[in-house]
Amino acid sequence: TLHNTVSQAGVLCYLFDGLFARNKTTEMTLIERYVPQGPNSLISDAPGWNSSLPSSLEESSSSLSGPVCWKCKGKGIVTEKASKKRKRRLQSQEESKIAEISREAIVMTKSCTVCHARGFLSPKKKEMSSLASLPGMITVKRRCPTDGIWQTFGPKAHAVSQMQCRGNVEAVSSEGIGNLSDIKEQQQQHPALALLQKANSSTMDIAEAGVTVPPIEYPEYPWFPFNNGEQLCNLVGDWRILQRVGSHRWTTDDIVTAYVAIQEIMAKGIISSGSDSGTGPESDAKTRHLKYLDLGCGNGSVLQMTSWGLLDKCVLQAFGIEARLEAVMLARRSLSFNIGSEGVGSKIISVIHGDFRDLKEFPSLDHNHVGRLQEFNRIVKEEKFDLVTGTPPYFQVDFTTTKSEVEQQKVVTSAVINQGGMPTSIQSAPARCEFRGGVEEYCKAAASVLKKDGLFVVCENWLNKERVYTGAKSSGLRVKTVYPVKGKCGRKECLFGVYVLEMDDNNGQWSGEDCNVKDPLAVRTECGKWTVEYAELLEAMSIPAKHNSA
């Protein structure tokens, strides 16, 4: 009956609310904008993503392997909108009179169809299956135009140099026949390099995604994708990056951000001679100094693409800082492919495990990288950075926190997205959702470590463009240039923008009208091909593209 339905729903809501009321009383529960700063920020890659629910709503504690449902907010039920005809019929029944519910207050509930009344979402099937059974892979090398004019340029990847030095590339002729004895010897002595050569070979069928690899770890080659679901993918030039199937992967906003950062820093002339010794452009490039930081670097895509574009032009000291430990480890392994380690002579490209909001009081938790951490802290406190980049997540989240009785530290108990849906991949969630800060926090962090003549290049969803200006002003920065980007020609709204910021010496007396807003860059034509402008951007990053453009 209606009376029973309303009563049961009321009791359920009462019990549910009561559980949280008692929790608030005894544990001082709060709803916060971001994951609280401090040691507990790093205890999980995505604190609160896999959260607990009242026992009456969960199947079992072990089954909670996904995020809180974005639709029902973890309750398992949602409000049902009854039609006017149905409302009139229900209002005429005796049960509504007994319950003394007004005509406007009748509320019907139903099971949430998104989470099937469980209160949480299941992890992405593609990610789970890849972790369970999909072998690692080295993806096939990008195909260049057949006219013979295109040549990959930029710093050569360390692993590719190793492969070539051992004669692995020369073992396969242009006809695809090759020196079989050399190939067999190479496969026996250096199987990881042999598999890389196969993926890079021009004889590889373009229809194939890549070369599957055995689940064997080679300590000499940390970049080898031996774990299930790992892929060693093309990045820029012959550099590669380790990514996971079904998890967070590099995208258009990453490469546009890196491209803008490279172009802007070169145009500004920040890279200047650090020594009078030597003559000529080649010698001069070796004596130019640049300190670069990527905030929330994730798997290291922007960090490595930007570093790739600057490495041959200066003495580069580049750092990325990331809170997600899995992303940190993937980024470091990618660096072992691209530069051999985290240092090339006096040049450094390194990834620090930590929360970028704690730059001024950075904890020494990264015991395996003490030397790099000391150098990083020295630059932060004494020298600061010439260039800072960031690709903040876009979507806001509400975090429920309680205070730990033992450590007296705030602990996140749940994370509920309030814009769109929470990703069901634990690595994608903090990359897309504001776990440790949105663009405002990125501006604040950048301003604290940026040199007076430095640049901060940041990407942001076009819908959030006003937040960029607000964050800049509150942090003592000003927006200098804006690069709007559209997903496709003909669309009115932009997809995202890349903003170039600098220190503000005018006490916030500027507005958006004072910025240099470029004409929008469209990524694809209406028929789906890359635009000429975007193809030129890709080719500037040593990615063959013009043969695939309109």
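1. In strand β13, Phe 399 is the bridge partner of Glu 32. Strand β1 and strand β13 (residues 397-403) run antiparallel and are joined by 3 bridges; two strands are said to pair if DSSP finds at least two bridges between them. Helices (H or I, at least four residues) and strands (E, at least two) are DSSP runs, numbered from the N terminus.

2. On provenance, this is a predicted model, in which local features need pLDDT of at least 70 and side-chain atom pairs count only at pLDDT 80 or more, whereas totals for chains, interfaces and linings use all residues. Residues are numbered from 1 along each chain as its sequence is written, and side-chain values use heavy atoms, with hydrogens and water left out.

3. The β1-β13 pairing belongs to an open sheet of 3 strands, ordered β1-β13-β14 with antiparallel pairing. Its edge strands, each pairing on one side only, are β1 (30-32) and β14 (410-417). Neighbouring strands of this sheet are turned against each other by 30 degrees on average, direction ignored; axes here are lines fitted to C-alpha atoms, for helices over the stretch in contact, and angles run from 0 to 180 degrees between N-to-C directions.

4. Strand β12 (residues 385-390) is largely enclosed by the rest of the structure, since 6 of its 6 residues are buried, where buried means under 20% relative accessible area, exposed over 50% and partly exposed in between (1.4 Å probe, protein chains only). Strand β8 (residues 289-295) runs parallel to β12 and is joined to it by 4 bridges, with Asp 294 opposite Thr 389. Strand β15 (residues 450-461) also pairs with β12 in the parallel sense, over 5 bridges, and here Val 388 stands opposite Phe 456.

5. A further open sheet, of 4 strands, has the order β5-β4-β6-β7 and mixed pairing. The strands β5 (210-212) and β7 (240-244) form its edges, each pairing on one side only, and neighbouring strands are turned by 20 degrees against each other on average, direction ignored. Within this sheet, strand β4 (residues 137-139) pairs with β5 in the antiparallel sense over 3 bridges, and Ile 138 stands opposite Val 211. Helix α11 (residues 325-338) packs on the sheet, touching β6 (230-234) and β7, and its direction makes about 150 degrees with that of β7; contact throughout means heavy atoms within 4.5 Å.

6. A polar atom of the Arg 333 side chain lies 2.8 Å from the backbone oxygen of Phe 224. Not counting residues up to four places away in sequence, Arg 333 touches several residues, including Pro 222, Trp 223, Phe 226, Glu 230 and Leu 242.

7. Leaving aside neighbours within four places in sequence, the contacts of Trp 223 include Ile 138, Ala 159, Leu 193, Leu 196, Arg 333 and Phe 337. Trp 223 and Gly 340 are 117 residues apart in sequence, yet 9.5 Å apart in space, C-alpha to C-alpha.

8. Two packed helices are described by the angle between their axes and the distance between the axes. The axes of helix α5 (residues 158-165) and helix α7 (residues 191-200) come within 10 Å and cross at roughly 100 degrees. The two helices α5 and α7 are therefore roughly perpendicular to each other, on a scale where angles under 35 degrees count as roughly parallel, over 145 as roughly antiparallel, 65 to 115 as roughly perpendicular and the rest as oblique. Ala 159, Val 160, Gln 162 and Met 163 in α5 meet Leu 193, Leu 196, Gln 197 and Asn 200 in α7.

9. For the chain as a whole, the secondary structure comes to 16 helices and 19 strands, and buried residues make up 51% of the 550 residues. Among contacts in the chain with a separation of 6 or more, 74% are accounted for by residues 24 or more positions apart.

Note on methods:
A polar contact is a pair of N or O atoms within 3.5 Å; within protein, one must be able to donate a hydrogen and the other to accept it, and residues adjacent in sequence count only if both atoms are side-chain atoms.
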